[in-house]
Amino acid sequence: MKILLYENIKKIAKTRGVSIYRIEKDLELSNGIIGKWNTSIPTAENILKVAKYLGVSMEELLQEEIQTA
């Protein structure tokens, strides 16, 4: 099972009309950190922050593939 956290965040952010840069800035995360989440392990706290920001559950961000409408 390969979880593509960054790809999932990117897809959801696109449907919300928000950029990855804006998410990082608004949540006071390091610039470019979300892009590294497919190869590194983020903290649960940061995943939760992003999930709340996007209005989704952590589980949705962590699933293998996002279904888009």
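**Helix packing in a predicted model**

Visitor: What share of the protein counts as buried?
Guide: Of the 69 residues of the protein, 33% count as buried, where buried means under 20% relative accessible area with a 1.4 Å probe and protein chains only. This is a predicted model, in which local features need pLDDT of at least 70 and side-chain atom pairs count only at pLDDT 80 or more, while totals for chains, interfaces and linings use all residues. Residues are numbered from 1 along each chain as its sequence is written, and side-chain values use heavy atoms, with hydrogens and water left out.

Visitor: How many helices and strands are there?
Guide: The protein has four helices and zero strands, these being DSSP runs numbered from the N terminus (helices H or I, at least four residues; strands E, at least two), and along the sequence the pattern reads α-α-α-α.

Visitor: At what angle do α1 and α3 pack?
Guide: Helix α1 (residues 5-16) and helix α3 (residues 44-54) pack at about 20°, their axes 10 Å apart, with axes fitted to C-alpha atoms over the stretch in contact and angles running from 0 to 180 degrees between N-to-C directions. The two helices are therefore roughly parallel to each other, a term for angles under 35 degrees.

Visitor: And which residues make that contact?
Guide: From α1 come L5, I9, I12, A13 and R16, and from α3 come I47, V50 and L54, contact meaning heavy atoms within 4.5 Å.

Visitor: Changing topic, what does the accessible surface come to?
Guide: The accessible surface of the protein is about 4,700 Å², and 51% of that belongs to carbon and sulfur atoms, by the Shrake-Rupley method with a 1.4 Å probe.

How values were computed. Parallel < 35°, antiparallel > 145°, perpendicular 65-115°, else oblique. Buried < 20%, exposed > 50% of the residue type's maximum accessible area, 1.4 Å probe, protein only.
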